[in-house]
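User: I have not looked at this one before. Can you walk me through it?
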Amino acid sequence: MASSASLLHPSTLAPASSPRLPRRGLAPPQLGRLSSHRRPRGLSLTVAAAASPDVEKAPSSSPPPPPEESSGLSAVAESVKVLKDAAKTRKVPAPEVLAALAKIKKAKLDTSTFFETLGGTESPGRTWMLIFTAQVRGNVSQGSKLEKGSYFPVTAVQRFDAAGQRIENGVYLGPAGSLTFEGRLSWKKKILAFVFERIRVKLGPLGPLEIPFAGGDVGREPSTKDPFFLWFYVDEEIAVAQGKGGGTAFWCRCKRVPA
């Protein structure tokens with residue numbers, strides 16, 4: 001097919017009787033070039049890329065996850081929804097909560113953001129209300145099945161301070177008073193170990209009474225020889241963990257309880 005420049009040759013634009021243009025004038029082939037410059041470059045490049053087999057194609061999107069992994073993530077998402085409903089209503093039957101906890105425990109999730117989500121980025125950290133606890137059957141080291149779960153009957157709140165490496169565990173009884181334990185914590189992978197240093201007791205309108213724990217190395221970093229939580233799931237609303245004794249629980253994020 002003839003190019004745009006050849007189509008604009010004098011033999012095709014002008015009749016045979018037309019006089020020739022002066023040499024210094026703009027020749028029709030130059031007009032043809034100007035016309036070709038006005039063509040949308042994007043369109044011409046696209047057509048050229050489509051026609052050329054040597055043009056490198058854009059990389060395709062990442063392949064979908066294996067069916068097993070996709071099924072596991074779907075099960076976790078459904079279980080998280082069950083726990084969030086249970087935290088809001090406390091009406092989800094215990095067997096359903098136990099089943100949801102079991103599925104989350106079996107999942108292999110990325111734990112790299114757990115500690116920051118759990119304890120925030122600055123002191124005094126974040127507070128979480130205990131919603132549901134479950135006991136285990138069998139030897140914890142050999143695998144165990146959750147059973148006899150129930151909603152926690154009183155207001156129990158844990159405060160985790162990632163920046164200050166502090167922990168506070170409190171039981172609050174409204175106007176009657178409160179009992180809180182405070183200490184330090186450490187985080188390694190997905191294990192949060194802790195050691196309590198003092199107890200605060202508050203009765204009615206009286207001010208809190210602080211009682212330090214006697215003995216022990218105050219500067220020692222907590223380890224798995226001390227009480228700890230093994231975390232399976234943490235987001236901005238709920239958290240799931242197992243204690244050293246094998247019992248499993250889940251918490252929901254809450255406002256800090258006034259002292």
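Analyst: One term to start with: a contact here means heavy atoms within 4.5 Å. Also, this is a predicted model.

User: Fine. Which residues does V240 touch, leaving out those up to four places away in sequence?
Analyst: V240 touches L83, L101, I104, L230, W231, F232, Y233, T248, A249 and F250.

User: Which residues of the largest nonpolar core touch the most other members?
Analyst: V240 is one of them, along with L83, V97, L101, F132 and F250. That core has 23 residues.

User: Which elements give two or more residues to that core?
Analyst: Two are helices by label, α5 (67-89) and α6 (94-106). The others are β1, β2, β8 (228-234), β9 (238-243) and β10.

User: What is in the second core?
Analyst: The second core is separate and has 19 residues, including A156, F160, I167 and L185.

User: Switching to strands. What does β1 pair with?
Analyst: Strand β1 covers residues 126-137 and is joined to β3 (residues 155-161) by 4 bridges, running antiparallel. With β10 (residues 248-254), β1 has 7 bridges, also antiparallel. β1 pairs with β2 (residues 145-151) in the antiparallel sense too, over 5 bridges.

User: Which residues stand across from M129?
Analyst: In β3, the bridge partner of M129 is V157. In β10, M129 stands opposite C252.

User: And Q135, what is its bridge partner in β2?
Analyst: That is E147.

User: You mentioned C252. How many disulfides are there in the whole structure?
Analyst: The search finds 0. For C252, the nearest cysteine sulfur is that of C254, 6.2 Å away. A disulfide needs the two sulfurs within 2.5 Å, so C252 is in none.

User: Is C252 buried or exposed?
Analyst: C252 counts as buried, because its relative accessibility is 15% and the cut-off for buried is under 20%. C254 counts as buried as well, at 18%.

User: New topic: R166. Where is it found?
Analyst: R166 is in strand β4, residues 166-172. Its bridge partner in β5 is R184.

User: What does the side chain of R166 make a polar contact with?
Analyst: The side chain of R166 makes a polar contact with the side chain of E197, at 3.0 Å. Leaving out residues up to four places away in sequence, R166 touches R159, F160, D161, E182, G183, R184, L185, E197 and R198.

User: How many bridges are there between β4 and β5?
Analyst: There are 7, and the two strands pair in the antiparallel sense, with β5 covering residues 177-188. β4 and β5 form a hairpin with 4 residues between them. In that turn, G174 has a positive phi of about 70°.

User: What comes with β5 and β6?
Analyst: β5 and β6 (residues 191-203) pair in the antiparallel sense over 12 bridges. L179 stands opposite V201 in β6. These strands also make a hairpin, with 2 residues between them, and K189 takes a positive phi near 60° there.

Definitions and conventions
Residues numbered from 1 in each chain as written. Predicted model: local features only at pLDDT ≥ 70, side-chain atom pairs only at ≥ 80, totals over all residues. Heavy atoms only, no water. Buried < 20%, exposed > 50% of the residue type's maximum accessible area, 1.4 Å probe, protein only. Pairing = 2+ DSSP bridges. Core = buried A, V, L, I, M, F, W, Y, C linked by side-chain atoms within 4.5 Å. Polar contact = N/O pair within 3.5 Å; in protein donor to acceptor, adjacent residues only side chain to side chain.
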